[in-house]
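Work through the exercises below with the sequence and the coordinates at hand. Each task is followed by a stepwise solution.

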Amino acid sequence: MVISVGKLQGQSEESGFAVSHWVTSVPVAVAGFNYGKYQRIEIPDTVTHYDIAGYYLTDLPDNLASYARGNGPLASMAPKSMTSYALEQARAQMQVCTIFFGKAPYENLAITEQPNFNFGQSWPSLVYLPISAYIDSTQRWRLFGTIDSNFTGFVQEVTPHEVAHQWFGHSVAGPRTMISGSRRDLPIFAAGLYLEEATGPKWQKDYDEYWDRQKRRILDKNTYGIASNDAGPLWLGLRLISPKTPRAYQGVTYSKGAYVLLMLKSLMFDDQHTSDNPNQAFIDMMHDFISSHQTTPASTESFKAIAEKHMTKSMDLQGNGKLDWFFQEWVYGTQVPRYQFKYEVQPGDGKGVKVHVEITQSEVDPSFAMLVPVLCRFLARE
């Protein structure tokens, strides 16, 4: 069976070869395919109405086949049920991304298993998932003999990450050096968005751990004593790579770029509830960005221009309607502030309380400006 981009229009046999005909609903810049002795299952999406299907293999690839023999760690693999789980993740992420980014340009999505263990890939309407996404946590523990939190995180985020590429990398494309719309930073951000919006009431722990992993990729020093962020600012993209900073591109473009988007979302958050959705300003910005770049290449400056159209009054620190301060610090600069947070709660008048909050910024120039939203949640006592 061959699964490719677009929709299957027909299958035939010619001179002993199987032939399949696929057609995309819109022009695509890249195309790929996957093939194998696949089993197919579908999952309905009554919210966004995308056609979502999963394709899995009943046999392991040669390099893993020995682990399924006897009482091997992969003897109990259940690829059908794991495919169903991946499809549920894909459906949830399609719904989250549709809300935040708008309708995807493709009407269908195929989630396919492939034998590589730690690599995912996305094509228009087609996703490769690593075979590790079809192995549960117990099987991974038996296979590795330990629990690797970083690899657990990879398996957790690979499906929502690759699904998000349907918007960024395929719907909106542009230079890899840009802050948004590239194939790198926004899928990382969207995977965090998935953890926040689509994983139920106990999302906070996984969400915090996810962003902590991104922070380590930015700031942890390598064997040369150099952090990814030390290699240069975000806008340099692939030019961050050097013999002493081989992972700087991933740490900065992927993870720091995602953090910049997260900061913009936080700064645009409507704590006054002037709209039904407190993230509406950010949503409007992303919808505008995508619709404006369906046929026009995106760039850092084109994203900045749209962000300025939707910025809130509190973000206008320079009083000129521009986000120069933000982009100079986070996109064109390398400084990273440290914040110390302290608070005191004291009895107030009557039944109320007084909360005194103090935030100290350090390790940056005195001119470094940053809004630091503080959100308070009051819980009624029974």
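**Exercise 1.** Leaving aside neighbours within four places in sequence, which residues is asparagine 34 in contact with? Then decide whether asparagine 34 is buried or exposed, and list polar contacts of its side chain.

Solution. The model is a predicted one.

Step 1. Locate the residue: asparagine 34 sits in strand 4, which covers residues 33-35.

Step 2. Collect the contacts: with neighbours up to four places away in sequence set aside, asparagine 34 is in contact with Met1, Val2, Ile3, Thr112, Glu113, Gln114, Leu126 and Tyr128.

Step 3. Classify the accessibility. Buried means under 20% relative accessible area. Asparagine 34 has 10% relative accessibility, so it counts as buried.

Step 4. Look for polar partners. The side chains of asparagine 34 and threonine 112 make a polar contact at 3.0 Å.

**Exercise 2.** In what order do the 5 strands of the open sheet lie, and which strands stand at the edges?

Solution. 

Step 1. The strand order is 5-6-7-9-8, and the pairing is mixed.

Step 2. Strand 5 (38-43) and strand 8 (121-123) each have a single partner strand, so they stand at the edges and one side of each lacks a neighbour in the sheet.

Step 3. On average, neighbouring strands of this sheet are turned by 20 degrees against each other, direction ignored.

**Exercise 3.** Which strands does helix 1 lie across, and which does helix 3 lie across?

Solution. 

Step 1. Helix 1 (residues 79-101) lies across strand 5, strand 6, strand 7 (108-114) and strand 9 (126-130). Its direction is at about 150 degrees to strand 6.

Step 2. Helix 3 (residues 149-164) lies across strand 7, strand 8 and strand 9, and runs at about 170 degrees to strand 9.

**Exercise 4.** How many residues does the largest nonpolar core have, and what does phenylalanine 189 touch?

Solution. 

Step 1. The largest nonpolar core has 84 residues. Those with the most contacts inside it are Phe101, Ile111, Trp167, Phe189, Met286 and Phe326.

Step 2. Helix 6 (residues 248-267) supplies the largest share of this core, 11 residues.

Step 3. Not counting residues up to four places away in sequence, phenylalanine 189 touches Phe101, Trp211, Ala258, Leu261, Leu262, Lys265 and Phe282.

Step 4. A second, separate core has 10 residues, including Ile3, Ala53, Ala110 and Tyr128.

Note on methods. Residues are numbered from 1 along each chain as its sequence is written. This is a predicted model: local features need pLDDT of at least 70, side-chain atom pairs count only at pLDDT 80 or more; totals for chains, interfaces and linings use all residues. Side-chain values use heavy atoms; hydrogens and water are left out. A nonpolar core is a set of buried Ala, Val, Leu, Ile, Met, Phe, Trp, Tyr and Cys residues joined through side-chain atoms within 4.5 Å. Buried means under 20% relative accessible area, exposed over 50%, partly exposed in between (1.4 Å probe, protein chains only). Helices (H or I, at least four residues) and strands (E, at least two) are DSSP runs, numbered from the N terminus. Contact means heavy atoms within 4.5 Å. A polar contact is a pair of N or O atoms within 3.5 Å; within protein, one must be able to donate a hydrogen and the other to accept it, and residues adjacent in sequence count only if both atoms are side-chain atoms. Two strands pair if DSSP finds at least two bridges between them. Axes are lines fitted to C-alpha atoms, for helices over the stretch in contact, and angles run from 0 to 180 degrees between N-to-C directions.
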